[in-house]
Amino acid sequence: VVSDIAKHVVAENRAPERVNVYEIMTKPVLAVAADMNIRYAVRMLVQFSLSRALVVDQNRTPLGLVTLRDMVLRPADVS
């Protein structure tokens, strides 16, 4: 996430090519299934005080990221 890079690389004047993602990323990384009910996904993010989650398919292949904003402001006809 951009804020992790800003806080742990740029602000600390570290060389980006010498930093491992795992060192600076916010943990835990939460993954939600692509077919998960949005209500449950929102609850999970709120429970862990997170604003975004990795979306994975049934094989746990990453599909993208979803944010609380995405889920709250989604069109009403999408489930």
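Predicted model: local features only at pLDDT ≥ 70, side-chain atom pairs only at ≥ 80, totals over all residues.
View 1. Setting aside residues up to four places away in sequence, Leu 54 touches Leu 30, Ala 31, Val 32, Pro 62, Gly 64 and Leu 65. One of these, Val 32, is 22 residues from Leu 54 in sequence, yet their C-alpha atoms are 6.2 Å apart in space.

View 2. Now follow strand β2 to its partner, β3, which covers residues 62–67. The two strands run antiparallel and are joined by five bridges. Ala 53 has Val 66 of β3 as its bridge partner. Between the strands of this hairpin lie five residues, and Arg 60 takes a positive phi near 65°.

**View 3. The largest nonpolar core.** Ten residues make up this core: Leu 30, Val 32, Ile 38, Ala 41, Leu 45, Leu 50, Ala 53, Val 55, Val 66 and Met 71. Two elements, α3 (38–47) and β2 (52–56), each give two or more residues to the core. Helix α3 supplies the largest share, with three residues.

**View 4. Met 71 and its contacts.** Finally, let us visit Met 71, a member of the largest nonpolar core. Beyond its neighbours within four places in sequence, Met 71 is in contact with Ile 38, Ala 41, Val 42, Leu 45 and Val 66.

Note on methods
Residues numbered from 1 in each chain as written. Heavy atoms only, no water. Core = buried A, V, L, I, M, F, W, Y, C linked by side-chain atoms within 4.5 Å. Buried < 20%, exposed > 50% of the residue type's maximum accessible area, 1.4 Å probe, protein only. Helix = DSSP H or I, 4+ residues; strand = E, 2+ residues; numbered from the N terminus. Contact = heavy atoms within 4.5 Å. Pairing = 2+ DSSP bridges.
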